[in-house]
Amino acid sequence: MKLKWLIPGIISFFSIVVIPAKAAETRCGWLQNPTPANWYLKDKDGNWTISVQGGYQAGGMDNIPPFKDDEYVKTNVNYGYGCACLNVVTDRNRMRITAINGGEQLPLSTCRQDQKLLRIR
């Protein structure tokens, strides 16, 4: 008798547990850090916010790849931009990166030669 009340609860529990997480994707473009704690990725789809000083911050910021000096353009003392691919989870409605799982620096020439990125920089 009590079993018929238990089954709907079990089904509800498993429907919550098996909801898939958002899928990670690889996004490549200009990785910008113009000022402290402000990070953006500009790719073929637009400008993605990664972090805003005193506000929003994506998870996994420590997974942003370090830049080699010869493949990084300094625009503000130690701040600037480079070319990179990041493995991320995004919120497309807000144009935000919500999690950074990893990434790699690319040569500046990769972004400079990409016709879809020329209009962005």
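Which residues does methionine 61 touch, not counting residues up to four places away in sequence? Select methionine 61 and, with contact taken as heavy atoms within 4.5 Å, you will find Trp39, Ile50, Ser51 and Ile100. This is a predicted model, in which local features need pLDDT of at least 70 and side-chain atom pairs count only at pLDDT 80 or more, while totals for chains, interfaces and linings use all residues. Residues are numbered from 1 along each chain as its sequence is written, and side-chain values use heavy atoms, with hydrogens and water left out.

Next, select Leu31, Leu41, Ile50, Met61, Ile97 and Ile100, which touch the most other members among the 16 residues of the largest nonpolar core; such a core is a set of buried Ala, Val, Leu, Ile, Met, Phe, Trp, Tyr and Cys residues joined through side-chain atoms within 4.5 Å. At least two residues of this core come from each of strands E2 (38–43), E3 (46–51), E5 (79–91) and E6 (96–106), strands being DSSP runs of E with at least two residues, numbered from the N terminus. Another core, of nine residues, lies apart from it and includes Val73, Tyr81, Leu106 and Cys111.

Now move to asparagine 33, in strand E1 (residues 25–35). Asparagine 33 is buried, at a relative accessible area of 8%, where buried means under 20%, with a 1.4 Å probe and protein chains only. A polar atom of its side chain lies 2.9 Å from the backbone oxygen of asparagine 38. Leaving out residues up to four places away in sequence, asparagine 33 touches Asn38, Trp39, Tyr72, Tyr79 and Gly80.

Key. Helix = DSSP H or I, 4+ residues; strand = E, 2+ residues; numbered from the N terminus. Buried < 20%, exposed > 50% of the residue type's maximum accessible area, 1.4 Å probe, protein only. Polar contact = N/O pair within 3.5 Å; in protein donor to acceptor, adjacent residues only side chain to side chain.
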